[in-house]
Amino acid sequence: IEQAQGLPIRGGRASELKVTIEAKYTVGEYDILILSAKDSNGLATWLYENGYRIPPGAPTVIKSYLAQNMKFFVAKVNLKEQSKLGFTHLRPIAVAYESPKFMLPVRLGTVNASGPQELFVYCLTRKGRVEPVNYRLVRLPSDAEIPEYVQGDFANFYRSMFQHRADREPASVFLEYAWNMGSCDPCAASPLSPDELRELGAYWADPSAGPGGSPMVFITRLHTRYDAQHFPADITFQETEDQSNFQGRFVIRHPWKGGGSCPALADYLNSLRARQKEQARTLADLTGWSLASIEAKMPAVADAQPSSWWNRMWKH
């Protein structure tokens with residue numbers, strides 16, 4: 001991190017508007033300022049005059065944050081630095097700070113939003129699962145059996161499933177994943193290594209420790225879709241001591257598609273038809289899709305072919 005030189009800021013005007021520039025940096029392709037202020041309108045005016053685009057309703061929300069003695073992190077893209085670094089896409093910004101408040105200030109993001117905002121929260125803790133304090137925690141459906149064809153369109157299914165669940169339970173935060181990184185039984189992928197965990201912020205993970213020797217890192221993944229109507233307050237969290245593992249899983253069973261003259265084939269095909277109907281009803285309940293549209297995408301189950309007389313006689 002280098003101290004920024006020549007940032008286009010107006011220090012004298014900041015004093016007039018009771019805005020304090022606490023720190024300024026150039027980090028990679030970003031020019032970054034840390035700001036505090038005495039007046040929300042003064043801060044909004046200063047940001048506008050210095051080229052930051054803020055929505056008309058921002059001062060009201062800013063005022064509530066200033067009352068909590070919170071500071072503001074603002075960033076501009078430095079095109080010259082980006083060109084020198086050779087990146088064509090903006091890299092994510094990682095911020096580290098200490099605060100007794102375990103919360104996310106989401107309200108400012110609702111002021112200029114044209115619709116609901118999508119938010120994924122990954123929490124790495126030493127004791128257990130993280131949950132919201134001021135909003136309902138809802139577990140996503142898990143272990144539901146869905147039709148085989150969904151495997152080829154899983155992204156669309158998951159979006160529809162989450163939208164349908166969020167519509168049915170607004171003002172909720174959904175638990176998608178909660179897992180102790182020290183174990184893997186069962187899991188969709190290998191647990192993150194201590195080095196990867198430290199890179200994500202779990203500074204207590206010990207890369208030199210052997211299996212099971214490093215202090216526990218518990219990962220919680222939360223997902224919500226928020227707007228100003230249903231989320232009037234910022235999301236406050238708490239760390240619990242609940243270490244039970246959870247992951248939203250969906251079961252896809254692949255039916256037998258070969259031929260045959262096994263005497264049990266007819267019974268199997270009859271049970272397969274019943275299973276497909278149940279899968280279709282489950283998918284309709286999860287996504288809100290019509291049952292007819294789901295069944296139209298599911299292959300019909302063929303009737304069992306009668307076995308030849310010599311097979312029946314010799315039971316081959």
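Okay, so let's start with the largest nonpolar core, which has 19 residues; the ones touching the most other members are Val19, Leu35, Leu43, Trp46, Leu47 and Phe72. Who supplies it? S3, H2, H3 and S4 each put in at least two residues, and H3 gives the most, with five. Bear in mind that this is a predicted model.

Take Leu43 as a way in. Leaving out residues up to four places away in sequence, Leu43 touches Val19, Leu35, Ala37, Ile62 and Phe72.

Ile62 brings us to H3, residues 58-67, where Ala58, Pro59, Val61, Ile62, Tyr65 and Leu66 are buried. As a reminder, an α-helix has 3.6 residues a turn, so residues three or four places apart point the same way. On the other side of H3, you'll find Thr60, Lys63 and Ala67 exposed. The buried residues pack against strand S3 (30-37), helix H2 (40-49), strand S4 (72-77) and helix H5 (107-111). Just after H3, Asn69 takes a positive phi of about 60°.

Now, over to Asp227, in the loop between strands S11 (218-226) and S12 (235-239). Asp227 is buried but has no salt bridge. How far away is the nearest side chain of opposite charge? That's Arg225, 9.1 Å away. What Asp227 does have is a side-chain polar atom 2.9 Å from the backbone nitrogen of His230. Not counting residues up to four places away in sequence, Asp227 also touches Thr110 and Pro116.

Definitions and conventions. Residues numbered from 1 in each chain as written. Predicted model: local features only at pLDDT ≥ 70, side-chain atom pairs only at ≥ 80, totals over all residues. Heavy atoms only, no water. Helix = DSSP H or I, 4+ residues; strand = E, 2+ residues; numbered from the N terminus. Buried < 20%, exposed > 50% of the residue type's maximum accessible area, 1.4 Å probe, protein only. Lys, Arg positive; Asp, Glu negative; His and termini not counted. Salt bridge = Lys/Arg side-chain N within 4 Å of Asp/Glu carboxyl O. Polar contact = N/O pair within 3.5 Å; in protein donor to acceptor, adjacent residues only side chain to side chain. Contact = heavy atoms within 4.5 Å. Core = buried A, V, L, I, M, F, W, Y, C linked by side-chain atoms within 4.5 Å.
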